[in-house]
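The structure is shown first, and the discussion follows.

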Amino acid sequence: MSASVAVGLIGAGWIGRFHGESVALRIPGTRLVAVADPAPGAAASLIERVSPDARAYTDALELIADPTVEAVLISTPASTHTDLVVAAAEAGKHVFCEKPMALTLEDADRAIGACAANNVALQVGFNRRFAADFTAAHDVITAGEIGTPQLLRSLTRDPGITADVASRVKPWTIFNETLIHDFDALLWLNPGARVVEVFAQADALIHPQYKEQGYLDTSMVQLRFDNGALASAEANFQATYGYDVRGEVFGSGGMVSAGEVTRTAMRHYSSPGVLADTPRVNIELFHDAYVAQLAHFADCIRSGSAPSADGLDARNALEIALAAKESVETGLPVSLLSVPQ
């Protein structure tokens, strides 16, 4: 393998385009050599802008079979992830997969097993782990500087959702694709601990007209860990003030927090009051983290080391998401003590 990692991108939608740009333009030692997307012209349009020598495909399996592709970056709809991970692994390609890696525990195990059997790296897109403030918070916790974690909190408030978009949101997206970030963050910020009980509530408060088809846009989830810590994870799809992602861990010897609502520390003081600018999209709030996670992936391929956000991490977060779904359906807490590990 060359020192420069040859990456094939599957999925040229919103986040896929950003990842493709990062591979081609932002990360030293990576090359975007192929893009696949079934939408006519989508792959070619991205290639023309950032990597004119790359090859365009409409079939993901053709990209995976391309002998020049060393690693595959998957940013397709969630329901396609597992099969693409398995196909890439069986072709001997290293895999970076956007979350969620799978929608069932059986599929999660299938993806993990395929990558292990074929000795390829598997990294999942939990970008908060690569945000400077969340990384610093994690380092403080693992150094024992706040003692034993006792109360944890993680939140995701998206900057808005139109009725048209809401009508197309898949059931349980709030757990499988939004709060799954928070579930991973809470596990990561309480190192070595396992969630043993989940209680969740959720509703459609922004666009209630779509609730009957399974749409949910507001949720609160309570978690109990086996080390005694309690945690909450909350999500809402319409923070009118901007994109808001934060975390906090209170411990026996102190507290640490991460995440900032405002874009900078600048405040504008004038007759209407005090104003602060806020980020409005994910690739703005987590720009550097998105780039850093792919740089980490490339470094792992070159060095042979294991990615720090792997398939097991994805499975653990999914386990919580599935329990949250069950809790909403039953109205009861769900025990994870009997779930195989």
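Is Arg110 buried, partly exposed or exposed, and why? Arg110 counts as partly exposed because its relative accessibility is 35%. The model discussed here is predicted.

Arg110 takes part in a salt bridge with Asp107, with an N to O distance of 3.1 Å. Both residues belong to helix α5, which covers residues 105–117. They are three residues apart, about one turn of the helix. An α-helix has 3.6 residues a turn, so residues three or four places apart point the same way.

In the structure as a whole, the search finds 21 salt bridges.

## Salt bridges between strands

Asp244 and Arg157 also form a salt bridge, their closest N and O atoms lying 3.4 Å apart. This pair links distant parts of the chain: Asp244 is in strand β11 (residues 244–251) and Arg157 is in strand β7 (residues 149–157), 87 residues apart. Both Asp244 and Arg157 are buried.

A salt bridge also joins Glu197 to Arg224, with 3.9 Å between the closest N and O atoms. Here strand β8 (residues 195–203) supplies Glu197 and strand β9 (residues 218–225) supplies Arg224, the two residues being 27 residues apart. Glu197 counts as partly exposed because its relative accessibility is 33%. Arg224 is likewise partly exposed, with a relative accessible area of 40%. Through shared partners, salt bridges join Arg153, Arg157, Glu234, Asp244 and Arg246 into one network.

## Helix α11 and its surroundings

Helix α11 comprises 20 residues, 311–330. The distance from its first C-alpha to its last is 29 Å, close to the 28 Å expected at 1.5 Å a residue. At the start of α11, a side-chain oxygen of Asp310 comes to within 3.1 Å of the backbone nitrogen of Leu312. After the helix comes Gly331, which has a positive phi, near 75°.

The buried residues of α11 include Gly311, Ala314, Leu318, Ile320 and Ala324, and among them are also the charged residues Asp313, Arg315 and Glu319. Which elements do the buried residues of α11 pack against? They pack against α5, β6 (122–124), α8 (173–188), β8, β9 and β15 (334–335). Of these elements, α5 holds the pair Asp107 and Arg110, while β8 and β9 hold Glu197 and Arg224 respectively.

Terms used:
Residues numbered from 1 in each chain as written. Predicted model: local features only at pLDDT ≥ 70, side-chain atom pairs only at ≥ 80, totals over all residues. Heavy atoms only, no water. Salt bridge = Lys/Arg side-chain N within 4 Å of Asp/Glu carboxyl O. Helix = DSSP H or I, 4+ residues; strand = E, 2+ residues; numbered from the N terminus. Buried < 20%, exposed > 50% of the residue type's maximum accessible area, 1.4 Å probe, protein only. Expected span 1.5 Å × (residues − 1). Contact = heavy atoms within 4.5 Å. Polar contact = N/O pair within 3.5 Å; in protein donor to acceptor, adjacent residues only side chain to side chain.
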